[in-house]
There are 2 protein chains.
Amino acid sequence: MHRLMASLSAPSEYSDTERTIFDAALQVFAREGRTGARMQGIADAADINKAMLHYYFRDKRTLYEDVFAYTVRQFMASFDISLTEAPTFAETLRVFIDGYVDFVRTHDAAMRLMVQENLAGGTLLGEHMREATNTDRTPPSILVNTIEDAVEAGEIRPVDPHHTVLTVISTCLYFFVARPTVQILHPPAERDWDAFVEERKDHLFDLIYRGLAPRD
Amino acid sequence: MHRLMASLSAPSEYSDTERTIFDAALQVFAREGRTGARMQGIADAADINKAMLHYYFRDKRTLYEDVFAYTVRQFMASFDISLTEAPTFAETLRVFIDGYVDFVRTHDAAMRLMVQENLAGGTLLGEHMREATNTDRTPPSILVNTIEDAVEAGEIRPVDPHHTVLTVISTCLYFFVARPTVQILHPPAERDWDAFVEERKDHLFDLIYRGLAPRD
DNA sequence: GGCTGGTTCAACCATTTGGTTAAACCATAC
DNA sequence: GTATGGTTTAACCAAATGGTTGAACCAGCC
């Protein structure tokens, strides 16, 4: 179904050393931020000499942009990956929520990078988004289409598909962003985060699907 | 209704100079991040000498913590402020969504600080959250109670109030976090953001209220 | 063996950055 | 007027940080 399971992190055309550096950089950038990250810290995380970073990736900016560009590609692909056409819209939605939540859970560092870049104003986002997007039609739009189709088929009431997609993404994503706050305010999420995530999938599907149901 | 309209930024016990510094620091920290922000940049934004920063706020860490502590207090208070008991749960929800979205819109810098601190691991969050919280019962819990009451009164179906509150917060907040992405992927939001925000209030209320409605 | 090319390393450099200091400024009180 | 105490400034400092360099290392190849 999901092809050969793309690497969780570094692009495949990299050598071992490059891959090690790339993975370390992703983690450090995600944790410390674009400016907070130190080249020495990345070198330590990759267990190599600091000069090696500059040998394989010209400078900090280049390293960051390579990491970020790959992250954007991963994120765009996540929509494709999570969306499987199922017989009913209900099933399609359920599978998407499960898939997308799992994607975010297993790509924590990538998610943090994306959010950070958004908070920073999104200048880099624009460039790399277009690059990762204009090959085929932009990934989120296939989700929009799915909802449009469901509306036309009468499976759900008429709703703005863009807002609906944004709502689904928000609810699947934000609780990972605010995980520390959630865990402070809701002890069960602190005691067993994975169980909380599973609960959340159920809750989200119930709420959103009923919210979209036709009639009233 | 909302008391005397608390200042949008600096605490009231500050002198003019302190207030100027505080406001500048909030903006710069929110834009550049905790580590990305430069003391010189804050001084420039406040149009004062760099040494003044250290005169009024001991060092960068102190300045940041003062700004952040105030931000946490503001955010906790935002729940109280946005929540007005109305005759029906539908009205209460509508008013809360409107109020909370408006709060986030008008407190952009504060929102960014909160999200950044969450992404950074939330160590500081824990301390300041407790401080801003343990005086009276924690603000989000009054929202949880509101939902519990509505369930008991049969106004909405039985749902987990914690997940429901988290869902409301997510949908009201996340589109501000991801604003650059949203604007790239959805041109109308780029052309007229304020109109998009208003649309979103309607969409969110419709979706969530129907999602919570009893029966099926 | 010795040449060649990519790779690895320790030491080094220039700049940036957070933070200090000592003197100057300026209002108010005496 | 001048002494006092908070305020403001320019110059300065030490540490941290991104980035460089020249030599050493180490395959494979003639």
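Modeller: A residue counts as buried under 20% relative accessible area, as exposed over 50%, and as partly exposed in between. Please bear in mind that this is a predicted model.

Colleague: Into which class does A:Arg34 fall, buried, partly exposed or exposed?

Modeller: The relative accessibility of A:Arg34 is 30%. Values between 20% and 50% belong to the middle class. A:Arg34 is therefore partly exposed.

Colleague: With which residue does A:Arg34 form a salt bridge, and how many residues apart in sequence are the parts that the pair ties together?

Modeller: The partner of A:Arg34 is A:Glu117, and their closest N and O atoms are 2.7 Å apart. A:Glu117 is buried, at a relative accessible area of 2%. A:Glu117 belongs to helix 6 of chain A, whereas A:Arg34 sits in the loop between helix 1 and helix 2, so the pair ties together parts whose separation in sequence is 83 residues.

Colleague: What is the N to O distance of the salt bridge between B:Arg34 and B:Glu117?

Modeller: In chain B, B:Arg34 is partly exposed, at 31% relative accessible area, and B:Glu117 is buried, at 2%. These two residues form a salt bridge, and the closest N and O atoms are 2.8 Å apart.

Colleague: Which secondary structure elements make up chain A, and how many of each?

Modeller: Of the 216 residues in chain A, 51% are buried. The C-alpha atoms fill a box of roughly 65 × 45 × 35 Å along the principal axes. The secondary structure of chain A consists of zero strands and 12 helices.

Colleague: Which elements are included in what covers the buried residues of helix 1 of chain A?

Modeller: Helix 1 of chain A spans residues 16–32 and reaches 24 Å from its first C-alpha to its last. Its buried residues include A:Ile21, A:Phe22, A:Leu26 and A:Phe29. In soluble globular proteins, nonpolar side chains tend to be buried together. The cover over the buried residues of helix 1 of chain A includes helix 2, helix 3, helix 4 and helix 6 of chain A.

Colleague: How many salt bridges are counted between domain 1 and domain 2 of chain A?

Modeller: Chain A is divided into domain 1 (8–57) and domain 2 (71–212). Eight residues of domain 1 and 12 residues of domain 2 take part in the contact. The two domains of chain A bury about 740 Å² between them, with 53% of it on carbon and sulfur atoms. The count between domain 1 and domain 2 of chain A is one salt bridge.

Colleague: How many salt bridges are found across the interface of chain A and chain B?

Modeller: The interface brings 51 residues of chain A into contact with 51 residues of chain B. About 4400 Å² is buried between the chains, of which 66% comes from carbon and sulfur atoms. On the chain A side, A:Leu119, A:His163 and A:Tyr174 lose the most area to chain B. Across this interface, the number of salt bridges is zero.

Colleague: Which residues have the most contacts inside the largest nonpolar core?

Modeller: The largest nonpolar core has 150 residues.

How values were computed. Residues are numbered from 1 along each chain as its sequence is written. Chains are lettered from A and ligands numbered from 1 in the order in which they are written. This is a predicted model: local features need pLDDT of at least 70, side-chain atom pairs count only at pLDDT 80 or more; totals for chains, interfaces and linings use all residues. Side-chain values use heavy atoms; hydrogens and water are left out. Helices (H or I, at least four residues) and strands (E, at least two) are DSSP runs, numbered from the N terminus. The expected span of a helix is 1.5 Å times one less than its number of residues. Buried means under 20% relative accessible area, exposed over 50%, partly exposed in between (1.4 Å probe, protein chains only). Contact means heavy atoms within 4.5 Å. A nonpolar core is a set of buried Ala, Val, Leu, Ile, Met, Phe, Trp, Tyr and Cys residues joined through side-chain atoms within 4.5 Å. Domain bounds come from an automatic or database domain assignment. Buried area is the accessible area (1.4 Å probe) that two parts lose on being put together, summed over both. A salt bridge is a side-chain nitrogen of Lys or Arg within 4 Å of a carboxyl oxygen of Asp or Glu.
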